[in-house]
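Open the model in your viewer and keep the selection tool at hand. The stops below each say what to pick and what to look for.

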Number of protein chains: 2
Amino acid sequence: MTSSHASIHPLDEALALTAQQPGVFTGRTTQAYWNMVGPFGGITAATLLQAVLQHPDLLGDPLSLTVNFTGAVTEGDFTIRATPSRTNRSTQHWIVTLDQAGPDGQSVVATTATAVTAARRETWGSTDLPMPTAPAPQTCAPASPAFRSEWLQRYEMLPVTGNFPSVWDESIHPSQSQLWVRDVPNRPLDFVALAALSDIFYPRVWLHRAKRVPAGTVSMTTYFHANRAQLEQAGSGYLFAQARGQEFRNGFCDQTAQLWSQDGLMLATSNQIVYYKE
Amino acid sequence: MTSSHASIHPLDEALALTAQQPGVFTGRTTQAYWNMVGPFGGITAATLLQAVLQHPDLLGDPLSLTVNFTGAVTEGDFTIRATPSRTNRSTQHWIVTLDQAGPDGQSVVATTATAVTAARRETWGSTDLPMPTAPAPQTCAPASPAFRSEWLQRYEMLPVTGNFPSVWDESIHPSQSQLWVRDVPNRPLDFVALAALSDIFYPRVWLHRAKRVPAGTVSMTTYFHANRAQLEQAGSGYLFAQARGQEFRNGFCDQTAQLWSQDGLMLATSNQIVYYKE
C-alpha cells in the first residue's frame, strides 16, 4: 500500500500552503520541524518565502529575505499575507506577515518579513571569500546533538570545527563553527530549503562562552547568491556551512554565516541578531 | 546676524519629520545629502529609523534595521508610515514605508523597512571581532573622492586601507576597505547618525574589480550593539569603519561591515546586497 502522503518530504509537508486569495495563504505547523517552544526558525523563514514564491505576480527568484521573529509561532494554523509593495523592471519588493489566532481569538502577528526577488542576468562575477579547506563529508562523523529537538532529526550535520564545547565550563572559545549539512531524507536543494538551512547553526553564545543559556533569533537576513540552475547543480549534496558571532552585549549577539555547495560555490550568506539571557 | 536655521546640523535638517497623526510623518529630501540620482541611501535609512524613534508608542532603542530601497527617492516631499506590528515585554517590531507622489500623482512606495527596538539590559558580554589595529586618525590623510557627490561633503573620511584603486585597470583586488569617518560638521553620535554611517562605503565591486560600474544598494540590514550611553561616550569622535564583499555574481554582490568607536567599542554591524551592472 502506498499513500501520496507518505511520499511527501517533511520539508514540503511543512511548507504546504493553500491559496485563499491572491497573496493570502493558509498553512499549519508540523511536528517534524518542532523546536523547543515553536517551530525551528528556519522552517518559518522558508514558509514565508514559500508564500512569495507561490504568489501569482512573482517576478524572478529570491535575492534577499529578512525574517523578524516577532513572537513564538504556536502549534496549529497560520495565515500568511505576501504583498508586492513595488515591482520594478528586474526587482520586486515584498512585505510578508504570518498571523495566528491568539489566546483570545484575536489575530496576532507572529512573524514579519521583507523579501526582494530579482530576475538575475549574466554579468562579471567573482568571489572574495572562497570556501575554506575542509575534510570531505564522507570522512566526518556526525556529532550527537547537545540537546534534543525534533527538527534536528531533519538534518544530517557533520561538524568540522566549532562543535559543541566538550565541557560547559564558561571558558571563552572562538565562536566559529563549520559543518557539512543536508536535508534528511535527501532532497534536491531549492530556495526554500536554502532559506531554512541558513538558520541551521546552534547559538553562537553557547560556543563562545561555553555555557548554555536561553537564546533565540530575533531577526535573520539571508542573501541568495545562487540562481535556480546552480541550486539544481548542488542537488542533494552536502552544503558547507560556516557561522561566527561578532559582538555579544546587553542580551543580544549577532551571527554572520556562509553556505557553499559541496563543490565550493557560494550559495547564500546570512546574518542574524539573537537574543540571549543572562 | 544669526538664524535658527543656520544652527541646525544638516543631518538633523534632513531628518526633520512632522507628525501628521500617530505613526504618520511627512518630511522632505535635502540637497545636503544628495547622491547621484537620489538621496544618499544612509540618509534614507536614518530617516525611516527617525520615524520609529519619534513614534509615541516606541519601546526601547534600535536593535535591528532592514531598509529595502524599492525605487529611487525623488527630490521633494515624502510620507513615512511607521507601524508597531507587535510589542512584547522587551522587544518591539516595526514595519515602515516611505511613499512619494509618483509622476501621475499616485502614491508610490520608494522604501520599505522593518525594525526591531529593544529594552536592553545588563548581561554577560564579549566580542569575537576586536577592532583591527590602525594608525590614529590624526595621522591619516583625507583622500580626494573618486567621484563628486554632495553627500560626500557631509563626512570626513580618512582611508586606512582599501581606498579607491589608483588605476582602474580591471585587476582583481581584495574588496576590504577600512577608514576613519565622522560627520561634518562634528555632531555627537546617536542612533540615526549611526544608521546613516553604516552605508558610508563606496561599492565593493568598484574596489574588487578596479572598475567603476553603476551600482546601488538594494537592501541593507544594520544591527545596533551600542546602547544610548555608549553612543554618548563615542561623542563626536571618529568611527573606525570596515567593509568587504563576499560574493559577486549575476548582477548582485553582498557587503559585510563593522563600525567601532574611536576607543574600539563595536557600535554596529551591517550588511547589504548591492546591484551592479555588467
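Start at A:Ala210, in the loop of chain A that runs between helix 4 (204-209) and strand 10 (215-224). This is a predicted model. Check the backbone here: A:Ala210 is not a glycine, yet its phi is positive, about 50°. Is A:Ala210 buried, exposed or partly exposed? It counts as partly exposed, because it has 17 C-beta neighbours inside 10 Å, and burial takes 20 or more.

A:Glu170 has 10 other C-beta atoms within 10 Å, so it is classed as exposed.

**The cis prolines**

Move on to A:Pro185. Look in the loop between strand 9 (177-183) and helix 3 (191-197) of chain A. The peptide bond that leads from A:Val184 into A:Pro185 is cis, with omega near -10°.

Now pick B:Pro185. In chain B, this residue is in the loop between strand 9 (177-183) and helix 3 (191-197). B:Val184 and B:Pro185 are joined by a cis peptide bond, and omega is about -5°.

**Helix 2 of chain B**

Select residues 41-53 of chain B. These 13 residues form helix 2, which spans 19 Å from first C-alpha to last. That is close to the 18 Å expected at 1.5 Å a residue. How many of the 13 residues of helix 2 of chain B are buried? Twelve are, so the helix is largely enclosed by the rest of the structure. Among the buried ones are B:Ile43, B:Leu48, B:Leu49 and B:Val52.

**The nonpolar core**

The largest nonpolar core has 148 residues. Which of them touch the most other members? They are A:Leu49, A:Val96 and A:Leu194, together with B:Leu49, B:Val96 and B:Leu194.

Zoom in on A:Val96 and hide its neighbours within four places in sequence. The remaining contacts include A:Leu48, A:Ala51 and A:Val52. Also among them are A:Ile80, A:Arg81, A:Ala82 and A:Thr112.

**A loop contact in chain B**

Select B:Ser149, in the loop between strand 7 (126-127) and strand 8 (155-161) of chain B. It has 13 other C-beta atoms within 10 Å and is therefore partly exposed. Beyond its neighbours within four places in sequence, B:Ser149 is in contact with B:Asn35 and B:Met36.

**Where the chains meet**

Show both chains. Contacts link 54 residues of chain B with 54 residues of chain A. Strand 11 (residues 239-249) of chain B gives the largest share of its side, six residues. That side divides into 14 nonpolar, 29 polar and eleven charged residues.

Now follow strand 11 of chain B across to strand 7 (residues 126-127) of chain A. Two bridges join them, and the strands run antiparallel. Opposite A:Thr127 stands B:Glu247.

**Last view: the symmetry**

Superpose chain B on chain A. A rotation of 180° does it, with 0.0 Å of shift along the axis and an RMSD of 0.0 Å. The two copies are thus related as by a two-fold rotation axis. All of the interface residues of chain B, 100%, are also interface residues in chain A, so the copies meet through the same surface.

Terms used: Residues are numbered from 1 along each chain as its sequence is written. Chains are lettered from A and ligands numbered from 1 in the order in which they are written. This is a predicted model: local features need pLDDT of at least 70, side-chain atom pairs count only at pLDDT 80 or more; totals for chains, interfaces and linings use all residues. Copies are superposed by least squares on the C-alpha atoms of residues with pLDDT of at least 70 in both. Two residues are in contact if their C-beta atoms, placed from the backbone, lie within 7 Å. Helices (H or I, at least four residues) and strands (E, at least two) are DSSP runs, numbered from the N terminus. Ala, Val, Leu, Ile, Met, Phe, Trp, Tyr, Cys and Pro count as nonpolar, Asp, Glu, Lys and Arg as charged, and the others, Gly among them, as polar. Two strands pair if DSSP finds at least two bridges between them. A nonpolar core is a set of buried Ala, Val, Leu, Ile, Met, Phe, Trp, Tyr and Cys residues joined through C-beta atoms within 7 Å. The expected span of a helix is 1.5 Å times one less than its number of residues.
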